[in-house]
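Please keep the sequence and the coordinates in view while reading.

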Amino acid sequence: MSSTLVIRQPQPVMSSLESDEWGSGICDCRQDVPECCFAFWCLPCFACITTKKYGQCLCLPLLDIGCIPPITLAMRVSMRERYGIKDTICRDCLFATFCIACSWCQMSREMRKRDIQVLLVGAKNS
């Protein structure tokens, strides 16, 4: 029986043909009316669920207190960085402060739209 030495393991390859813009506007609630209703009627629950799906601590949005909600702002900036969305911190600050429910809905829609599947190239089933 011969053994083969594997020098290089297959690496995950992620390719995305996504735009560098948000996939939906801040006020595009008509794209998912039930989700937006949930966000408007129970924003803390919606924000916690969205944060958990993003891979952060479930209770993180509960720390959103103050004039400018720091967690909402941080999530928008983090999402822009992760998905390569070009926007400004000024707009993030405005949306996080004055359109908080719409901002969480937009982030949720973006996560659904950009659900990138990982494809292993060169991997064999054994």
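D64 is located in the loop between helix 2 (43-54) and helix 3; helices are DSSP runs of H or I with at least four residues, numbered from the N terminus. The model is predicted, so local features require pLDDT of at least 70 and side-chain atom pairs pLDDT 80 or more, while totals for chains, interfaces and linings use all residues. Residues are numbered from 1 along each chain as its sequence is written, and side-chain values use heavy atoms, without hydrogens and water.

D64 is buried, as its relative accessible area is 19% (buried is under 20%, exposed over 50%, partly exposed in between, with a 1.4 Å probe and protein chains only). A polar atom of the D64 side chain lies 2.7 Å from the backbone nitrogen of I71. Beyond neighbours within four places in sequence, D64 is in contact with residues including P69, I100 and W104, contact meaning heavy atoms within 4.5 Å.

Helix 3 (residues 70-83) contains R76, which is buried, with a relative accessible area of 0%. Its side chain makes a polar contact of 2.8 Å with the side chain of Q106 (N or O atoms within 3.5 Å; within protein, one able to donate a hydrogen and the other to accept it, and residues adjacent in sequence counting only if both atoms are side-chain atoms). Not counting residues up to four places away in sequence, R76 also touches W22, D87 and D92, among others.

R82 lies over the face of Y54, 3.9 Å from the ring centre; this requires NZ of Lys or CZ of Arg within 6 Å of the ring centre and within 35 degrees of the ring normal.

Methods: Helices (H or I, at least four residues) and strands (E, at least two) are DSSP runs, numbered from the N terminus.
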